[in-house]
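This briefing is meant to be read with the sequence and the coordinates open side by side. It goes through the sheets, the cores and a helix in turn, and closes with totals for the chain.

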Amino acid sequence: MKKKMVSFFVSCVLIFSSVFPVNAEESVNLQEKTNVEFSDVNKGDIAVTENADPEVRIEPDSNSVPEENIISEENPVPEENSVPEEGTTESGADIGENVVPEDNAVPEDNTLPENSVNPEENIESEEITEENNGSNESGETLPEEEKNEDESKVEEEALHTEADPSEEQEKKRAAKMEEVKAAGRQWETEGNNSMSSADRIYPNASCYGYLSSYSDEDWFKFTIGSNGYISLTLNHEYIEHNGTYWNVCLYSQDGSEMYTMGVNGDITSQRSCRVGLPAGTYYVKVREGTFHSDVNYNLRVNYVAADFWEREDNDNRNASDSISANKSVTGSIMNYDDEDWYKFTIGSKGYISLTLNHEYIEHNGTYWNVYLYKQDGSEMYRMNVNGDITSQRSCRIGLPAGTYYIKVTRGTFHSNVNYNLRVNYVAAGYWETESNDSQSGADQIAPNVSVTGSLMNYAESDYYKFETKSSGYISITLNHSYIDSSSNYWKLRLYRALDGALLHEAYCQGNITSQKTCRIGLPAGKYLVQVTQGTFHSDMDYNLRINYVSDNSYETEKNDTIATADSITKNKVSRGTLMTNGDQDYYTFTLKSKCYVNFRLTHGYIDDDWDYFHLTVSNKSNSPIMEYSLSGTELGLNKGMVLPAGKYYVKVTSSNRHSTTPYGILVQPIIK
């Protein structure tokens, strides 16, 4: 196969020589060269298939040297340290052409120096500069007026982003410095590379500077004479890249960093959030960001004196800002880790609510968390504030006189927009006082006097304690605003304080704004009421009242066994209530002699023929000797029998149906 290919190629050469004659010497040289080249074929340098196209094109060796690079008299070796002609670079290009400096060349291993701009990110701008560098597609030079503004901008930006400024740049910068100083403005003084050598600048006045190298840092210090807030503005010329080119850092006088703002190349003016500060001296450091540029920047500290602004660093409880109730304070969460602490004092018992206002954020996520703490640091309440709700107010929280703390932090999401915080306070003696979350911390209330409270969260309980001076009965009323749901939102429990025994339990629905328990007979003593959430939770206000009536004829709970049975006075009506379907009320009496005894059971009208009450008479061994039931429509029933002297029990329970309608029982011994 290789021989066929050689024969074919020789034939082509002979045909070529017949068409384009050459002299004999050249023909011999050509033949010799051809023989040498085809001797290489036998070494396998070129492979041609049998079906190859007859118009074979032999590619040059990839390692061959172009003719223009062959060293000869026409291409002599350049002297190693030769100096380029005036007005040209070492490569021979005229100064002013878009020649990439060697410092910006990409290393052979394709790695970039640390903190340098990736050339690939600027490929588009470089191609624009090369393709439209004052010429059209045919290479003809365009008049200056035909260059568009974007091309001029790219060239200008390329000038400003050089790592090593040219002599022309230095002249421009020097002219800019003279212009700034002539206008009475300030230019940084090198080297202001540390806090100790910081340039003094003045609030609300601009200062110009530039970062001359990757490691350059510019430090400034300023003083404010009274409490207020600042923001930091940094302006610069446009850079066609959205990377971070500057970091602007704020420091307190002790050198601790308070805030950092990243400044992008394609945003020519950036302003920080507002930062509340007390009177004092502070420092600002300007350093390079992820990328470096030596274009001029303009720094300004914007300052407003204000007493209603938070004062950094108020990042912990010990550094809390003191605020007054019913007055607003403004602040901002500067970064993800920022916390703003406040403390306030109320001189008397009352209730508060917390309001947080902010600018609209088009997202319904949680952007702020607001916490309330007691003086001992224990958390009392937490409110989440959403971005798309510009004003949120907490439930009312009853507090005794004292000092309290508030912490504002970021929520699930972060925003440094300003917020406005207010503690709304009303002095009131009729409000619960947190934390009344346990029996030992129960609020003391008086019967027949209302108290207001709220369940701040799902886990909260409000305890109240009261005392009855004599036997009687109570009922518990709970009022609240309307909730469009029939579900249970509050649960009431009544306890005996002496031993914590549960006496009664009731639920309150959302769509019934006023609910009252049944009557509960109690002896003189101390009791507890607990308010907790029902099946669902609401933090709206509720109003609680213990309705108490002194009445020694009423049953006294718990009289659920013969051991706790109430003594009944013969010929006098005793009254009671079956609080639940399982409730049973025991009474006891004693006959000194044998006689006929009449038992009368009464109740209020119930529009139902089902049996609701059941009466049982038992002997001292609690063995039934007589019993009967009473329907809802039967208002009373008498039954009697002859009983010998001795001790007896009367028990009243529910029958087929249950009702909390009060009942009456009368035991009438008839002695003949």
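This is a predicted model: local features need pLDDT of at least 70, side-chain atom pairs count only at pLDDT 80 or more; totals for chains, interfaces and linings use all residues.

Strands E4 and E10 are paired in the antiparallel sense, over 8 bridges, and Glu 217 stands opposite Arg 287 in E10.

- E4 and E10 belong to an open sheet of 5 strands, whose order is E2-E4-E10-E6-E7 and whose pairing is mixed.
- The edges of this sheet are taken by strand E2 (199-200) and by E7, each of which has a single partner strand, so one side of each is left without a neighbour in the sheet.
- E6 and E7 are antiparallel partners joined over 7 bridges, and within that pairing Asn 247 has Gly 262 of E7 as its bridge partner.
- The hairpin made by E6 and E7 has 5 residues between the strands, and in this hairpin Gly 255 adopts a positive phi near 90°.
- The largest nonpolar core holds 31 residues, of which Phe 222, Ile 230, Trp 246, Leu 250 and Leu 299 touch the most other members.
- Two or more residues of this core come from each of strand E4 (217-224), strand E5 (228-236), strand E6 (244-251), strand E7 (257-264), strand E9 (275-277), strand E10 (280-288) and strand E11 (297-305).
- Another core, of 30 residues, lies apart from that one and includes Ile 333, Phe 344, Tyr 404 and Ile 406.

**Pairing partners of E21**

- Strand E13 (residues 328-331) pairs with strand E21 (residues 419-427) in the antiparallel sense over 4 bridges, with Ser 328 having Arg 422 of E21 as its bridge partner.
- Strand E15 (residues 350-358) is likewise paired with E21 in the antiparallel sense, in this case over 9 bridges, and the bridge partner of Ile 352 in E21 is Tyr 425.

**Sheet containing E26 and E27**

- Strand E26 (residues 488-496) is the antiparallel partner of E27 over 7 bridges, and Leu 494 has His 504 of E27 as its bridge partner.

**Strand E34 and its neighbours**

- In strand E34 (residues 584-591), 6 of the 8 residues are buried, so this strand is largely enclosed by the rest of the structure.
- Strand E32 (residues 566-567) runs parallel to E34 and is joined to it by 2 bridges, where Asp 566 has Tyr 587 of E34 as its bridge partner.
- E34 also pairs with strand E39 (residues 646-654), in the antiparallel sense and over 8 bridges, and there the bridge partner of Tyr 587 in E39 is Val 650.

**Helix H5**

- Helix H5 (residues 167-182) consists of 16 residues and reaches 22 Å from its first C-alpha to its last, close to the 22 Å expected at 1.5 Å a residue.
- Gln 169, Arg 173 and Val 180 are buried in H5.
- Viewed down the axis of H5, its buried residues fall within an arc of 35°, so they line one face of the helix.
- On the face of H5 turned away from this buried side are the exposed residues Glu 167, Lys 171, Glu 178, Glu 179 and Ala 182.
- Gly 184, which follows H5, has a positive phi, near 80°.

**Totals for the chain**

- The protein chain contains 5 helices and 40 strands, and buried residues make up 41% of its 672 residues.
- Among contacts between residues at least 6 apart in sequence, 73% join residues at least 24 apart.
- The chain exposes about 36200 Å², with carbon and sulfur atoms supplying 46% of it.

Definitions and conventions
Residues are numbered from 1 along each chain as its sequence is written. Side-chain values use heavy atoms; hydrogens and water are left out. Two strands pair if DSSP finds at least two bridges between them. A nonpolar core is a set of buried Ala, Val, Leu, Ile, Met, Phe, Trp, Tyr and Cys residues joined through side-chain atoms within 4.5 Å. Buried means under 20% relative accessible area, exposed over 50%, partly exposed in between (1.4 Å probe, protein chains only). Contact means heavy atoms within 4.5 Å. Accessible areas come from the Shrake-Rupley method with a 1.4 Å probe; for residues, only the protein chains shown count as cover. The expected span of a helix is 1.5 Å times one less than its number of residues. The arc is that of the directions from the helix axis to the C-beta atoms.
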